[in-house]
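Hi everyone, thanks for coming. Let me put today's chain up on the screen, and then I'll walk you through it.

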Amino acid sequence: MQVIYTRRKYRISPPETTGHPEFERTFRAQANCSEYFPIFISLLWVAGIFFHQGVTAACGLLYLYARLKYFQGYTVAAQGRLAPLYASAWLLWLLLGLALAGLLAHFLWPSSSSWMSALAWPLQLRSAW
């Protein structure tokens, strides 16, 4: 929606992708977020199924927040995107590690369900609540 608003603000008609610097930054931020979204969804899905849903959900929420800050920072100034970009990249690597750990545990050690539950035990909510 921000790209639409910025297009209207600076009177840049589609399919133009150049114009005012604020529009170009907004357009690029939207394109960058769209490019990484399939990677994020795939890693989130695999890590959630094969590792732990709670940890994966927390990483997913942190990633979405970092991407929001990335978008907001990039639209103001190009340098404003760097810290959230590094945070979101770190979270993608973490999701990749979780997905790989879950896949390895599932396919290489099928009897390791006790190993995975021991690993995830501190992360689980106790049913006594």
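So, where does H52 lie? H52 sits in the loop between α2 and α3, the latter being residues 53–76. By helix I mean a DSSP run of H or I with at least four residues, while a strand is a run of E with at least two, and both are numbered from the N terminus.

Before going on, a quick word on the model. It's predicted, so local features need pLDDT of at least 70 and side-chain atom pairs count only at pLDDT 80 or more, while totals for chains, interfaces and linings use all residues. Residues are numbered from 1 along each chain as its sequence is written, and side-chain values use heavy atoms, leaving out hydrogens and water.

Okay, back to H52. Is H52 buried or exposed? It's buried, because its relative accessible area is 15%, and buried means under 20%, exposed over 50%, partly exposed in between, using a 1.4 Å probe and protein chains only. A polar atom of the H52 side chain lies 3.1 Å from the backbone nitrogen of G54. Also, H52 and L98 are 46 residues apart in sequence, yet their C-alpha atoms are 8.3 Å apart in space.

Zooming out, the protein chain has 5 helices and 0 strands, running α-α-α-α-α from the N terminus. Of its 129 residues, 31% are buried. And 58% of the contacts with a separation of 6 or more come from residues 24 or more positions apart.

Conventions
Polar contact = N/O pair within 3.5 Å; in protein donor to acceptor, adjacent residues only side chain to side chain. Contact = heavy atoms within 4.5 Å.
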